[in-house]
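Have the viewer open as you read.

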Amino acid sequence: MTDGPEWRSAEARAAALAEALPKQVARAQGLPGYAALAGVEAGAITDGAALAGLPVLRKAALMEAQAARRPLGGLATVEPTGFTHLFQSPGPIYEPGMTSADDWWRFGPFLRAVGIGAGDVVQNCFSYHLTPAGLMFDNGARAAGAAVIPAGTGQTELQVRAAADLGATAYAGTPDYLKVILEKADEMGVKLGFTRAAVSGGALFPSLREWYGARGITCLQCYATADLGNIAYESAPDSGMIAAEGVVVEIVTPGTGEPVPEGEVGEVVVTTLNPDYPLIRFATGDLSAVLPGQSACGRTNMRIKGWMGRADQTAKIKGMFVRPEQVAELVRRVGAARARVTVTRAEERDVMAVAFETEGGQEDTLAAAVREILKLSGEVSIHPLGSLPKDGKVIDDQRSYD
């Protein structure tokens, strides 16, 4: 299948976004949880550049909204009873879901990219208990045309027996649990028929992917969250992750919400085009980077490198919390291009240094701004434009806690 939205031209995708994005922003403006969008001209938000001017919604703010307006924070266009499922993730954070809708979480294209479809039996080893991963992959597998064994987690011997007796051909679950099942099957003398694996929720190490490959199992991964569903997915090993249709993915400087250049590491911010739950510029707290060009498989959406660490770099220095948002305010205040806070230890004391990328400025003026905004004193240095590392870090905590 090469005629779906994953293969459309850049012009067709831009035209669809120009139609869908203003409607989504307008939906959000009508919700009590989106007071931050008051006064925004929804009709002007037609592309990623315009979207980047809107405020970022952070997980802490989502939790505060949900505490004020149970259960979904006034951020859904559907009443809680209108969803088929309501989930609870650690925090607690509550997420809605719709299994009656066609592939509500957008996992079908990923499973099809793995090669899963009609005639397959998917052993789904994601949890079905409170959190949404199990039903996300269940819904996606059914959208791809496959049958599902709702296996959940644990009870490995029963997992082996079910896979053998029901003819499971594909696995869905965390990257490492399939190895546990296969090794238990070897121990039991049972031959299993897995040839494909769709994994998420943990690191897929190259050695593990090779181990599966040696057993004839193609293993691909996706990047997803409980709040957003599928964000991006692989179509081939080590080829980057293709942004899912139905979301707008941005890579921004942590703490600012401002997009970074292609190839530079930043925080993943996602806007969903799902009309039931319109999360606008939701900050995942994860780091990634945009890859150049398009996938060799022919899917045309932008690609990202996948998960590259956490963007929440908040550090406690000399008893005071320093946050990326404060560093962003510092940059704005002094008119610098960028800043980077580095924290080390010397003689059992915290040491803070702040490096600025700027064409002008005096160290004493910059030091005064550091004291005012970060509420701490530290060594200040000035660097040429473009010289600081482009690794997504604005707070580099180098202290060892061993």
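In which hand, left or right, does H9 pass H10? The crossing of H9 with H10 is right-handed. Please keep in mind throughout that this is a predicted model.

**The helix pair**

Helix H9 covers residues 324-334 and helix H10 covers residues 363-374; their axes come within 10 Å of each other and cross at roughly 140 degrees. On the H9 side, the contact is made by Gln326, Val327, Glu329, Leu330, Arg333 and Val334. Facing them from H10 are Leu366, Ala369, Val370, Glu372, Ile373 and Leu374. Sorted by class, the residues of this contact are eight nonpolar, one polar and three charged.

**The pockets**

Rolling a probe the size of a water molecule over the atoms shows where empty space is left.

| Pocket | Volume | Lining residues by class |
|---|---|---|
| Largest pocket | about 920 Å³ | 17 nonpolar, 13 polar, eight charged |
| Second largest pocket | about 690 Å³ | 19 nonpolar, four polar, five charged |

To find the largest pocket on screen, centre the view on Ser200, Gly201, Gly202, Tyr223 and Ala224, which lie nearest its centre among the 38 lining residues. Strand E2 (93-97), helix H5 (133-143), strand E7 (218-225) and strand E12 (282-288) are the elements that give two or more residues to this lining. Which element supplies the largest share of the lining of the largest pocket? That is E7, with five residues.

The second largest pocket is lined by 28 residues, and Leu17, Val248, Val249, Asn301 and Met302 are the closest to its centre. Helix H1 (10-29), helix H2 (48-51) and strand E10 (247-252) each contribute at least two residues to the lining of the second largest pocket.

**An aromatic pair**

How many aromatic pairs does a search of the whole structure find? The search finds nine. A pair of aromatic rings is described by the distance of the centres and the angle of the planes. One of the pairs joins Phe83 and Trp104, with 6.1 Å from centre to centre and 80 degrees between the planes. With those values, the Phe83 and Trp104 pair is edge-to-face.

Technical notes
Residues are numbered from 1 along each chain as its sequence is written. This is a predicted model: local features need pLDDT of at least 70, side-chain atom pairs count only at pLDDT 80 or more; totals for chains, interfaces and linings use all residues. Side-chain values use heavy atoms; hydrogens and water are left out. Axes are lines fitted to C-alpha atoms, for helices over the stretch in contact, and angles run from 0 to 180 degrees between N-to-C directions. Helices (H or I, at least four residues) and strands (E, at least two) are DSSP runs, numbered from the N terminus. A crossing is left-handed if the near helix is turned anticlockwise from the far one by less than a right angle, and right-handed if clockwise. Contact means heavy atoms within 4.5 Å. Ala, Val, Leu, Ile, Met, Phe, Trp, Tyr, Cys and Pro count as nonpolar, Asp, Glu, Lys and Arg as charged, and the others, Gly among them, as polar. On a 1 Å grid over the protein atoms alone, a cavity is a set of points where a 1.4 Å probe fits but cannot get out, and a pocket is an open set with protein on both sides within 12 Å along at least five of seven lines; lining residues have an atom within 4 Å of a point. Grid points are joined across faces, edges and corners, and a volume is the space filled by probe spheres set on the points. Rings of Phe, Tyr and Trp (its six-membered ring) pair if their centres lie within 6.5 Å; planes under 30 degrees apart count as stacked, over 60 as edge-to-face and the rest as tilted.
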